[in-house]
Amino acid sequence: MASSTTSPSTALPDARERFPALAGDDVFLDGPGGSQTPQEVLDAVAGCLRDSNANLGGAFATSARAVEIMDRGRDAVADFTGGEAEGIAFGANMTTLNFLLAHAVARTLAPGDEIVVTDLDHDANISPWMLVAADHGLVVRHAPIRAADVTLDHDALEELVGERTRVVAFTLASNAVGSLTDPARIAAAAHRVGALAWADAVHLAPHRRLRARDWGLDVLLCSPYKFFGPHLGVAAIRPELAQSLPADRVRPADEHPAGHRFETGTQSHEAVAGTIAAIGYLRSLGGGSLDTSFERLVEYEESLSQRFLEGLPDRLELYGLPSSHGRTPTFCFNLAGYAPRELAERLGERGLYVWDGDYYALEPMRALGLHEGGGAVRAGFLHYTTMEEVDRLLEALVSLADRP
């Protein structure tokens, strides 16, 4: 195995040492299921609970500080997502927010109206639409993927969009295999018939700059715990849409800002504080610019991907694009002679933390014929992954592939 010539210390100065969890020898390749957090996020969460632990609207200092955290959180998330602060909504997680918002949209639709989803998606952007469709007499249409490289068939999706289409719900990147989609193209197809463009950005968020407004998205959802923050869900909703949708709320609750209409009860102020810190951390990697940060992340992560792809053993079957381009550094594979869980266990014994199963990506697994056989193994790299860690994974796979 070739020795490493590049590491985050040269690619992204001081990034890795800011993560306490990375101080040991374990290799965290489970980033698609949740990233590790830098020290500033830990400090922000603790600081909020220590200094700002109050509900909103009180006539005292800790309450005022809690209000400030929530306001700064909307501004930070708007900057991160490319949305508008007025339309930012916080929730327990992306899935919970999506169920709530899908329910709100469905109440405005008529029986026979159509929702287009894609077979590339995590089920968090499929099941909410299937369930509200059953409740309201709606029709759900599935845009297929190309099984050969596990990419979305954009042409087929556009053919499904018609005069009864009201929502086109799609992912920006597959959490299973890393394939990217074309959000501007899909949003344009939705808007041609007056439908909403509804994007799951959970997997893409730690890897690419998000541009909800520029892409023409009406709703973008993501999860801070995937981009180095705490467990939380956020939605960037077009403010006019957020203001017009019916919202389930208690009667005294404020109606402004528009996104707040979908925040039921008291939010996790400490998680919002941690999210602000996570976005600040990412901004710091580019000297204060998120654009610069993500340019650097993309370049480095593509080098990790290329190294991995060049070192795969022959007995390994990779699902998805065989190139470092058009994808995130997330890899789905099986190794001959091993069930997915067994392979994950063998790698775990070597301190290599990977995922196995379907990752809630039911439709991609069904399209690949893997769902009944335990799915596949998934290894995901983030900007704190080193070349040496990629080499450790490859060496382990080569060694396991050589087992009689």
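In which loop is the place of Thr-328? Select the stretch between β11 (316-319) and β12 (330-335): Thr-328 lies in that loop. The model is predicted, so local features require pLDDT of at least 70 and side-chain atom pairs pLDDT 80 or more, whereas totals for chains, interfaces and linings use all residues. Residues are numbered from 1 along each chain as its sequence is written, and side-chain values use heavy atoms, without hydrogens or water.

Strands are DSSP runs of E with at least two residues and helices runs of H or I with at least four, numbered from the N terminus. Thr-328 counts as buried because its relative accessibility is 0%; buried means under 20% relative accessible area, exposed over 50%, and partly exposed in between (1.4 Å probe, protein chains only). Next, display its contacts (heavy atoms within 4.5 Å). Beyond neighbours within four places in sequence, Thr-328 touches Ala-173, Gly-178, Leu-180, His-203, Leu-204 and His-207.

Move to helices α4 (residues 94-106) and α5 (residues 127-136), which pack at about 35 degrees with axes 9 Å apart. Axes are lines fitted to C-alpha atoms, for helices over the stretch in contact, and angles run from 0 to 180 degrees between N-to-C directions. On the α4 side, select Asn-98, Phe-99, Ala-102, His-103, Val-105 and Ala-106; they meet Ser-127, Pro-128, Trp-129, Leu-131, Val-132 and His-136 of α5.

Finally, select the cysteines. The structure contains zero disulfides (pairs of cysteine sulfur atoms within 2.5 Å). For Cys-222, the nearest cysteine sulfur belongs to Cys-48, 19 Å away. Cys-222 counts as buried, at 0% relative accessibility, and Cys-332 counts as buried at 0%.
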